[in-house]
Amino acid sequence: MSWIPRLRSLLKRNRLDHDLDDELRSHLEMRIADNRAAGMSPEDARIDAQKRFGNSTLFKEDTRAVDTVGWLDECARDFRFALALGIGANTAIFSVVDAILLRPLPYPEPDRLVRIWESSAKHDSPRNVVNPINFLDWRDHSQSFESLAAISGLMTNLSSQGQPIAVQGMQVSPEFFSVLRVAPFLGRTFTSAEAIPGQDRSIILSYELWQRQFGRDRAVVGQKIDVDGRPSEVVGIMPKGFSFPKFRAEVWTPLPLTRSEEWKGGRFLTVVARLKQGVSLSQAQQDMFRVANFTAQARPDNNKNWSANVFPMLEDVTEGVRRPLWVLLASVGFLLLIACANVANLLLMRGTGRLRELAVRSALGAARSRIVRQLFVESLLLSLAGMAAGLFFAHLGLRSLLALVPQNAPLPRSEPIAIDARVLLFTFFAALFTAVVFGLVPALRLSRVDLQNALKQGTLRGGVGGHQSLRRCFVVAEVALALVLSVGAGLMLRSFARLISVDPGFSPEQLLTMHIWTSPARYQDDLKRSQYLDRILAEIRSTPGVQAAGSTHFLPLTEKISGSCFSPADQPAPSPAESPSAQFLIISSGYFQTMRSALLSGRDFDDRARFNSQPVAIVNHAFVQRFYPGQNVLGKQLRVCWTIEKPVEIVGVAADARQAQLQDVPEPTIFLSNSQAPMYFATLLVRAAGDLGQIARSAEAAVHRVDPDQAVSDIQTMETVFSDSVSSPRFQAVLLLVFAGLAVALAMIGVYGIVSYSVSQRTNEIGIRVALGARSADVVRLVLPEALALAAIALLLGLAGSLALSRAFASLLFEVTPTDPATLVSVCFLVLAVSALAAVLPARRATHIDPMVALRYE
Amino acid sequence: MRKSKNDLLQGTLTLLVLKTLARVPMHGYRITLHIQMVSKDILRVEEGSLYPALHRMEQDGSVSAEWGMSENNRRARYYRMSAKGRKQLAEEEKNWERLTQAVAQVLEFA
């Protein structure tokens, strides 16, 4: 059996065409030359040569039909296309799913790593950051863990060769490295002595930073470098690639923790721990309930109604992306199924054409199992060829996929996403699976046909009727799956459109943002620090082109919020655990003007808000609505737990704006002035006309005029911030849209195939009808009902499927229900229209049949 | 009608082509000329049958093909008979003999 060259020629049709063209041309030329030599005129010589060939295009078709079975060749594109696409898309998405969700974390015995959070039913937060004193209690009283470590993210200013650079750092308790069981590449990790305040002047560098800034100089270990304005000793270098999920840290510094008063209130730590050998997750959880109960009793002011939750670390860090990724993988899985159905259909058709060959084999004594095996091996070869092409698609696809992810997104995993051995294995199994699905069913089906009968009939069309119903089932499945995918894509698209049309409450155009982190060593003094930012802002405001400037401690749409309890100053103070709480932002004067957010009443912070003057606050509209509905809040006094001993006076009410994410409804927020509650870090906001790149350079220069050692980082436009903040729903919407488009295209090919086939079966009848005067509309009417009936069944099945899957989808959608009627109806119409189109094409072609040809057809 | 002369029996074309290629590799046009010449113009191979036949034989492995230069310096695709082709030729010749004998017997009998 010579199907290997046949398969090869299938894959190389272009080459073959090209060769054949050349060969025929050379033949023509030689004939013309001989004719001329025999005395013909050039014109006659050419005409004679061509006449001997007849129609050269038709002839070429004929010759090629020998190389590949004729109709198969027609469908060859589908074979390659459908399989390669299905396998390629699956490989690309799987490589992402594998790298993020499946692969164990890159630490020894990762299954024993957990993260522990505080939890509060009242605040509806199962994963709340942890209070330092609570952490110390956990460490001392829990029994399930080998060790626990606390982490706090921190920007760090390094001064290297006089050039200030800001790098992302992590403050970690000394157990951090032993919890992860990662040894340093050079030097050592922190000792417990370094967790004592005042003895924490040590720093560990990442391999990458060491390479970039210190040229891999081993002598750096043991040296002192300037960290946040204080000399610190470099004690170690971490191994290449070491990282901790969600923190893009390049330096680690000790986190000194004590049970001092100053730590009593806030919650800001991330806690990671390693389970003792043999301790189960639920045992650890029980243990932590017990410990949390203890802390709640020991310090009810802070901990009443608070508990603790233990999550496996891998599950915890992938929390937000798990469902979207599984949905994407399921979607490409559907796409692969559609491709399989498509190819199975083509194989059935092909098999029908080969019934005679099979009959002969069977007559010559081939057992049924051998024929099945032969057909299956052919399918396997096809799917392996599909796999090869698919890998190419996957490579391209993955590259464009990763390009959709914003550069500075804190990915849950930092290991590279690539097509590696694991992914290749998956791809191989996917190919095997496709071969089984699309190859085995037709093979079994074909081998069951009465081959003797087929042989006797002596016609290639023998015994095809039985497969038509199977093929219809495949097409119905294809269209139904395509519908499910399209509904998903439609919902995502609508949800995304809703999302980006949300009014954020500020205007992101022509707005520049940049981050600064103030050295604690140099600006330890609150007064000095409070004036520092004002000086920087004044310097920036005087820069040409700048219209307004301000600052906030957490930039909107970067998923960062701060919360604090508060209470009305005219009532006795309740304990912090019982006080109401609100978000708070520390801003400079001019923030609202710079953001173009409206002040609804009262005034902005101004010169009167100085460090030692009467503390003031601005609240947002949501705050008034929640806590003082219908009242005038101006002049009211609040005790805000976060900062101040003295109550603050409300001087203004600002319009609501989105803070953590675009989809989050504005929460009650208290704005405090940085002049009165100075922070160590701020995001500067600069509104300017003209080229923002130019403005960014001048603004940075302005900062350096105030302090040449002040590093400026994360310079980006607010439009970029805005766009990055919706990158994940955009990613999902774009991908689902692509998958749905491909699915619909494949389903269309399926419908087209089945209608073409029934048209060819009815060529005789159609010919007679045309001869008797039927017009093309009549013929279309003859063929269309079959396709529409199939589409209708598929529509019902697809809708049922969509409804069944709607629950899995709901949490991914914004302001759109998974049963959104508008989406369902328009997708149904789309699929119906596409099916009808796919059916009309062959039907219309049928009307061009020459009645005489049709009648002679058999 | 001239057509009757060309209406070769199914399968005969393969035999003729193989026999033609048995001595020396040739390109398609040369094959048509050769058959026409040797049969003294009685057999005329039509291009429309020749190339499909050649490609089928190439698929089957009875001939192989490669590009070369023709006598008057044109690029042409040369067909060469393979070992398999040689076996097939022997087989086909035997078949042909049996067939012509059978036909002759029938004719004599009638």
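Guide: Here is a quick tour, starting with the ground rules. This is a predicted model, where local features need pLDDT of at least 70, side-chain atom pairs count only at pLDDT 80 or more, and totals for chains, interfaces and linings use all residues. Residues are numbered from 1 along each chain as its sequence is written, chains are lettered from A and ligands numbered from 1 in the order in which they are written, and side-chain values use heavy atoms, with hydrogens and water left out.

Visitor: How many disulfides over all chains?
Guide: The count is one disulfide (a pair of cysteine sulfur atoms within 2.5 Å). Cys565(A) is joined to Cys641(A), S to S 2.0 Å.

Visitor: Where do Cys565(A) and Cys641(A) sit?
Guide: Cys565(A) is in strand S14 (residues 563-568) of chain A, and Cys641(A) is in the loop between strand S18 (637-640) and strand S19 (648-654). They are 76 residues apart, so the pair links distant parts of the chain. Strands (E, at least two residues) and helices (H or I, at least four) are DSSP runs, numbered from the N terminus.

Visitor: Is Cys565(A) buried or exposed?
Guide: Cys565(A) counts as buried, because its relative accessibility is 13%. Buried means under 20% relative accessible area, exposed over 50%, partly exposed in between (1.4 Å probe, protein chains only). Cys641(A) is partly exposed at 40%.

Visitor: Switching topic. How many salt bridges over all chains?
Guide: The count is 29. A salt bridge is a side-chain nitrogen of Lys or Arg within 4 Å of a carboxyl oxygen of Asp or Glu.

Visitor: Which residue pairs with Arg74(B)?
Guide: Glu29(A), with the closest N and O atoms 3.4 Å apart. Arg74(B) lies in the loop between strand S2 (63-69) and strand S3 (75-81) of chain B and Glu29(A) in helix H2 (residues 13-37) of chain A, so this pair joins two chains.

Visitor: And what about Asp98(A)?
Guide: Asp98(A) bridges to Arg103(A), closest N and O atoms 2.5 Å apart. Asp98(A) is buried, at 0%, whereas Arg103(A) is partly exposed at 22%.

Visitor: Last one. Which residues form the nonpolar patch on the surface?
Guide: Leu384(A), Leu425(A), Phe428(A) and Phe429(A), with about 360 Å² of accessible area together. Such areas come from the Shrake-Rupley method with a 1.4 Å probe; for residues, only the protein chains shown count as cover. Patch residues have over 30% relative accessible area and no salt bridge; like charges are joined within 9 Å, nonpolar side chains (Val, Leu, Ile, Met, Phe, Trp, Tyr) within 5 Å.
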